[in-house]
2 protein chains.
Amino acid sequence: MSNLVILKARKIKNRKYHTIQDYIRRRIQTGKYPVGSYLPSENEICGQFSTTRTTVRKALDELLKEGFIEKEQGKGSKVIERRKSLGLLTVKGFSGSIDYEVKTIVTEGPKITQWDPIIPFSLTEEEKRSNCVFFQRVRHINDRPVVLENNWYANDALQVINSEAFIEGSFFKTLSQEHFIEIMGAEQELRSIPASQEVAKNLGIQEGIPILHISVRFRTSKPGLNLYGDLYCNTTDYPICNSYFL
Amino acid sequence: MSNLVILKARKIKNRKYHTIQDYIRRRIQTGKYPVGSYLPSENEICGQFSTTRTTVRKALDELLKEGFIEKEQGKGSKVIERRKSLGLLTVKGFSGSIDYEVKTIVTEGPKITQWDPIIPFSLTEEEKRSNCVFFQRVRHINDRPVVLENNWYANDALQVINSEAFIEGSFFKTLSQEHFIEIMGAEQELRSIPASQEVAKNLGIQEGIPILHISVRFRTSKPGLNLYGDLYCNTTDYPICNSYFL
DNA sequence: CAAAACAACTTGTATGTACAAGTAATAATT
DNA sequence: AATTATTACTTGTACATACAAGTTGTTTTG
């Protein structure tokens with residue numbers, strides 16, 4: 001009986017605008033429509049999929065909501081850097097800035113370990129049953145360590161990815177471009193805590209200095225895959241920022 | 001010559017869907033469509049505005065993006081609490097929770113003062129020229145002070161609002177329901193700092209305890225009106241949370 | 001009486017069409 | 001030569017229509 005429910009839930013609904021949306025998203029992910037370039041015009045896309053502008057516009061509207069494109073009346077739909085439109089927490093001027101030189105060093109390669117009880121979110125049964133992939137990184141700005149970052153995810157949902165394979169050192173970029181997995185949302189908890197001995201050592205600061213502790217769960221487009229993060233930020237010189245707009 | 005540009009920028013474009021959108025938003029703000037209730041059906045709205053479903057659906061789509069409603073296929077469009085859909089930072093379980101008893105006390109009534117140099121955002125020329133309205137609040141959970149909050153805005157953009165007039169103690173609710181001003185976005189900077197003497201006194205903690213310091217600029221739907229906030233959060237017992245989803 | 005079928009509503013998807021409005025390069029005018 | 005108008009594109013708004021799909025209450029059926 002429960003099989004029926006699953007089958008029903010998995011039933012693929014053939015929405016024409018979904019087909020178009022998925023096709024264009026995939027072309028963006030694989031760099032066939034690079035960031036900064038313009039998509040084919042709505043009428044051209046109509047031709048490719050033998051449909052009407054109403055349907056094409058619905059697909060583009062969804063990609064707009066997903067943060068892949070922006071529209072310019074009279075010009076076209078431009079591919080944009082998705083991260084910026086996502087309202088994630090970032091170190092001020094972290095990515096895409098020329099003011100700082102940012103380097104990310106993987107200090108513990110992706111490997112299979114136990115789930116860490118420091119994760120404040122409740123794991124799903126599937127995640128509890130699964131092995132856990134862990135890796136640790138330290139982010140440097142101008143050669144000084146600023147963020148210590150622990151990451152976990154369920155190995156049942158995603159293979160171990162070698163850190164050397166990270167595209168431009170970014171795990172998220174790798175997920176998008178190699179595995180077509182996108183961040184769909186996040187829950188975060190922020191705390192101000194004194195630096196522990198381990199954190200102090202990794203960030204090259206004194207023990208007890210106030211540190212911003214962020215616990216985060218990223219929801220992804222891949223069913224069952226959540227990314228858990230545990231970040232320790234030295235905000236003395238570089239505050240953590242975010243912004244969102246309607 | 002520059003007058004022409006201004007006139008051009010202010011030119012009101014008569015979009016039918018804007019009319020419908022504004023009308024429904026206003027009814028929600030004034031409680032004529034209360035939270036939890038369903039809007040009239042799309043076809044009914046069509047009748048009221050003698051238009052087609054395409055146009056009505058465009059208006060509802062915008063209200064969906066703005067976070068005022070959610071849609072349920074087969075049932076209708078339901079009015080929802082907007083704050084929750086906004087991804088703002090909040091104390092865990094702060095609003096709408098029964099676990100905690102939350103109280104907000106205005107410790108310094110809205111009054112005209114000088115702009116505080118602690119604001120890390122660059123003020124506009126208009127704001128610099130204007131007087132500045134300031135008020136301070138302390139938020140308590142279970143009778144213990146948890147957040148100290150300073151707020152500023154330009155008096156030229158909005159009159160002084162007496163704190164006794166705050167609807168349910170909320171400044172945002174007052175803005176929405178009395179002045180039809182909505183939050184359109186925010187920029188935030190987060191820092192972990194040791195509690196100063198003043199903060200320690202207000203939050204009833206020891207000086208030097210790590211405190212989460214949040215600087216925020218809210219953009220509003222009223223041109224020229226930004227709200228500036230300066231928050232000091234004791235996250236020992238209650239972490240600061242946010243979440244966003246596509 | 002209980003289950004199944006139906007009817008009447010709701011929102012969702014899709015087609016087809018027309019014109020408005022913004023952009024950019026080209027052609028015509030001064 | 002510089003300005004203006006035209007043209008050919010783009011996206012934006014709006015109409016009218018049809019059927020799919022989900023919800024809910026009523027009616028029919030077994």
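Start by selecting β3(A) and β10(A), which pair in the antiparallel sense over 2 bridges (strands are DSSP E runs of at least two residues and helices H or I runs of at least four, numbered from the N terminus; two strands pair if DSSP finds at least two bridges between them). What you have open is a predicted model, where local features need pLDDT of at least 70 and side-chain atom pairs count only at pLDDT 80 or more, while totals for chains, interfaces and linings use all residues. Residues are numbered from 1 along each chain as its sequence is written, and chains are lettered from A and ligands numbered from 1 in the order in which they are written.

Now show T90(A): its bridge partner in β10(A) is C241(A).

Strand β10 (residues 240–245) of chain A joins β7(B) through 6 bridges, running antiparallel. Click Y244(A) and you'll find A186(B) as its bridge partner in β7(B).

Zoom out to the whole open sheet: 8 strands with antiparallel pairing, in the order β3(A)-β10(A)-β7(B)-β8(B)-β9(B)-β6(B)-β5(B)-β4(B). β3 (90–91) of chain A and β4 (102–113) of chain B are at the edges, each with a single partner strand, so one side of each has no neighbour in the sheet.

Then colour the contact between chains: 27 residues of chain B touch 27 residues of chain A (C-beta atoms, placed from the backbone, within 7 Å). On the chain B side, the largest share, 11 residues, comes from β7(B).

Notes. Contact = placed C-beta atoms within 7 Å.
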